[in-house]
Amino acid sequence: MQRRKFLQIGAGTLGLSLLAPSFSFANEANDTRFIFIIQRGAADGLNIVIPYADPNYRNIRKELAIENGNKLDGTFALHPALQNIYQLYLQKQASFVHATASPYRERSHFDGQNILEGGFTRAYELDNGWLNRFIGIIPKQKSEPIAFMQTIPLAMRGTNSVTSYAPSNIPDANEDLMMRISNLYENDAKLYDLWLKAEATRNMGQSISGQGAAAVGKMVGSFLAKPDGPRIAMIESQGWDTHSGQNNRLNGNLKDIDTAIGAMKTELGDAWGKTIIIIATEFGRTAHANGTGGTDHGTASCAMILGGKIEGGKVHTDWPGLAQSSLYEGRDLKPTTDLFGVISYYLGKGFNIEPQKVAQNIFAQVPNVKMFNA
Amino acid sequence: MDEIIAKNRFGLGINPRDNDSFQDMNWFEKQTQIYEAKPTAIKSSPNSKEIVRQYLEVQELKRKNKDNPQIFKKEAKILRDIYLSETNNRLNISVTTNTPFIERLVHFWSNHFAVSADKIEVRALAGAYENEAIRPNVLGNFRDLIRGVVTHPAMLAYLDQIQSIGPNSMAGQRRAKNNPDKEIGLNENLAREIFELHTLGVNGGYTQQDVTEFARALTGFTIANGKRKQFGNSGEIGNFVFEPLMHEPGSRTIMGKKFNQSGADQGAAILEFAASHPSTAKNIATKLARHFAGDNPPQTLIDKLKQSFISSNGDLKSIYLTLIKAPECWVTNNVKFKTSWEWLVSSLRAMGIDETSRIETPTVLENLGQTSWQPKSPKGFDDIEDAWAAPDALLRRAETANLIAKYFDAPLNPNQLAPKLLGNHLSEHTKIAISRAESIQSGIALLLISPEFLRR
């Protein structure tokens, strides 16, 4: 664990308007690839990068505690489903930031994602996002930045031109939605019965997940590997809202992400060396397990930074600990690192711009840009 | 009367950006005043005359080039494209209309007097049929409406009226002489469905003999095709025409009533008789009641509507007025399970969009099991819950809801949208499920697939 040894740059409110005409800070275009993967639904950071050495971990997680993680250092272990990512860590191509969160301090998915993507301090402040604003401060690229989904997500919406692409032959894993519908129909006997039958039929003809993830990874990799291809991309991953059956679901979701990353790396080939991937979620989950084999909406989580372009192999955190008195509002992992600072830092590093300048130009309130003492 | 019921049950669903506020009955009245029979989306649609001509041309090309389909491929595609673009137009009008109550009635009548694009001759004409026969008559008299329907090329082609020839007509006699072995003559299809479906209803008091008599009266109702010159056909190709030489001579007796008229007047008189019959009043009253007050509507409502039909002499506006004034239509419970079409339209309206060009309408509707103007029979699409609430159908709606949410979720917050769309129909359970969704997209999809939104 890297203890707090950050070079802090002052926090303050934004001088420049978020809609100001953009100009480039980097002198010349470099060939960095940047991929932002949003985990929608609030991913459980405590069981992804597991604080196995924290004396309270097993106590609060009980049967949800993960015992067979791959040790990252003397405090943290990585969820065993993340095999490819663990290999990257050993090769110093993966880092983790723990106890991190956006400035959002409530627990609504919609508002949380709105702020994570918008880069605002209040939900629905503007209809454009930090990744779009970032595109405005780097030299124009040969291909438009791309969202691998049907529509442009808020993070990429704004005045700078972007595109989106979603091949129809990749299975759409909306398992989470299907599960929620069963719950939605609980009080409607007729619909509930119909839905049970529908699901039974549907499950018979299905065998997806792993394949879908590999296909997504391969597709993203192939786009970004092209000499004239896009350099900035965004993907979304769903199904992280694990109020129940958490261990199985988290395992499945992490496997998918890990598979996608593995396929992406293979497909990127040499370009992997120029790649930075940030994986982040809108907020974390409660420190304590709930009564239904899951966890509820919380505050801080972990972010993963991957790619050949980073100097990785570390877990960065100002670890608040899991003692009851250390928990945020007595229930959640306390946020100690501003996620927007983390994003600014890696974007700056990747595109040769002062991280502070990145922060000033893309976030509504300039975060503490913590320059990891790497 | 509440706004949510007015807009969901009587209209086509709430558009959150709509500033058309509902105060009272005036909401309906205003729509009858500003209703446009030909909205912008269909201003430049081809009319049935052009379509029939195109169709005949393709047939001619096919006949002459049996071994070379390349030659008529392009022409045949034009016909397919007409159907697709009319399907798109219909969705576009429904999503954007400012007269949703009247638009719902257009769909109601279109389905009551159903034609089906299953039949290749009808496919390209289906849109024109609704635009020409239904839209201009939706606020008129039932008799005008049915006259428009029965004389439209789409209906004449769909129910085989164009081939029907009176055995004792000039044409019938000549054909019998030239082709003694070939069966030609009456086709009862249109006559039967007018009695059974469009007017009197299945137990409306008519007999097989009445159907045959009516079929005889209708002989000569056809489409001018430029090929019956020897019969003296003078109509412009593609138009409805009455062909005297195909008409079965003689007077007719229907349900004990004598019709002595000759020529086209005979069919028209019988049609008018059927359209004004008390059985018809009951049939229409029952269908309207079922559409607005539930699958098993209260008898009191059926009686009121029937009375209104009779006393107004089939004036549709008077009947609609009776309908919207009836407390039976305003019960608080959601009484109807939406058809796939209604559900899709209301879902898109809920997204607050002002155009639908990004939607592949025919594909989406096919997936949902309700392609426009393509019911399986002249009975039209069923208007009861059991026809629509089925496991696979529900799954398809869930998948479609997910897609709609993906495409259009941009500026919406499902927590705020839900009460706007459902008002006090929104249950606590659904409200919580939506608020707990893991993303905006998932929240919107849950809203669209919720028990409250599936019904109206």
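Helices (H or I, at least four residues) and strands (E, at least two) are DSSP runs, numbered from the N terminus. One residue shows how these labels work. Lys309(A) lies in the loop between strand S12 (301-306) and strand S13 (314-317) of chain A.

This is a predicted model, in which local features need pLDDT of at least 70, side-chain atom pairs count only at pLDDT 80 or more, and totals for chains, interfaces and linings use all residues. Residues are numbered from 1 along each chain as its sequence is written, while chains are lettered from A and ligands numbered from 1 in the order in which they are written.

Stay with Lys309(A). Is Lys309(A) buried or exposed? A residue is buried if 20 or more other C-beta atoms lie within 10 Å of its own, exposed if 12 or fewer, and partly exposed in between, with C-beta atoms placed from the backbone. Lys309(A) has 23 other C-beta atoms within 10 Å, so it is buried. Next come its contacts. Two residues are in contact if their C-beta atoms, placed from the backbone, lie within 7 Å. Leaving aside residues up to four places away in sequence, Lys309(A) touches Thr32(A), Gly273(A), Lys274(A), Thr275(A), Ile276(A) and Gly350(A). Lys92(A) is 217 residues from Lys309(A) in sequence, yet their C-alpha atoms are 9.9 Å apart in space.

Now take chain A as a whole. Its secondary structure comes to 10 helices and 16 strands. Chain A has 374 residues, and 53% of them are buried. Of the contacts in chain A with a separation of 6 or more, 75% join residues 24 or more positions apart.

S3(A) is mostly covered, with 7 of its 7 residues buried. In a regular strand the side chains alternate between the two faces of the sheet. From S3(A), Arg33(A), Ile35(A), Ile37(A) and Gln39(A) point one way. Phe34(A), Phe36(A) and Ile38(A) point the other way.

S3(A) pairs with strand S11 (residues 275-281) of chain A in the parallel sense, over 7 bridges. There, Ile37(A) stands opposite Ile279(A) in S11(A).

Follow strand S10 (residues 232-237) of chain A: 5 of its 6 residues are buried, so it is largely enclosed by the rest of the structure. S10(A) also runs parallel to strand S8 (residues 146-147) of chain A, with 2 bridges between them. In that pairing, Ala147(A) has Met234(A) in S10(A) as its bridge partner.

Chain A also holds an open sheet of 3 strands, in the order S4-S6-S5, with antiparallel pairing. Its edge strands are strand S4 (49-50) and strand S5 (70-71), each pairing on one side only. S5(A) and strand S6 (residues 77-78) of chain A pair in the antiparallel sense over 2 bridges. In S6(A), Leu78(A) is the bridge partner of Asn70(A).

Cross to the second chain. In all, 31 residues of chain A are in contact with 29 residues of chain B. On the chain A side, the elements that give two or more residues are helix H3 (109-118), helix H5 (175-184) and helix H6 (189-204). H6(A) gives the largest share, 8 residues. By class, this side has 11 nonpolar, 10 polar and 10 charged residues. Ala, Val, Leu, Ile, Met, Phe, Trp, Tyr, Cys and Pro count as nonpolar, Asp, Glu, Lys and Arg as charged, and the others, Gly among them, as polar.

Inside chain B, helix H12 (residues 208-218) has several buried residues, among them Asp210(B), Glu213(B) and Phe214(B). The buried residues of H12(B) pack against helix H11 (189-198), strand S1 (221-223), strand S3 (252-254), strand S4 (257-259) and helix H13 (264-275) of chain B. After H12(B) comes Gly220(B), whose phi is positive, near 100 degrees.

Finish with a helix pair. Helix H15 (residues 299-311) and helix H16 (residues 316-325) of chain B pack at an angle of about 160 degrees, with their axes 9 Å apart. Axes are lines fitted to C-alpha atoms, for helices over the stretch in contact, and angles run from 0 to 180 degrees between N-to-C directions. H15(B) and H16(B) are therefore roughly antiparallel to each other. Angles under 35 degrees count as roughly parallel, over 145 as roughly antiparallel, 65 to 115 as roughly perpendicular and the rest as oblique. Lys304(B), Leu305(B), Ser308(B) and Phe309(B) in H15(B) meet Ser318(B), Ile319(B), Thr322(B) and Leu323(B) in H16(B). By class, this contact has 4 nonpolar, 3 polar and 1 charged residues.

Notes
Two strands pair if DSSP finds at least two bridges between them.
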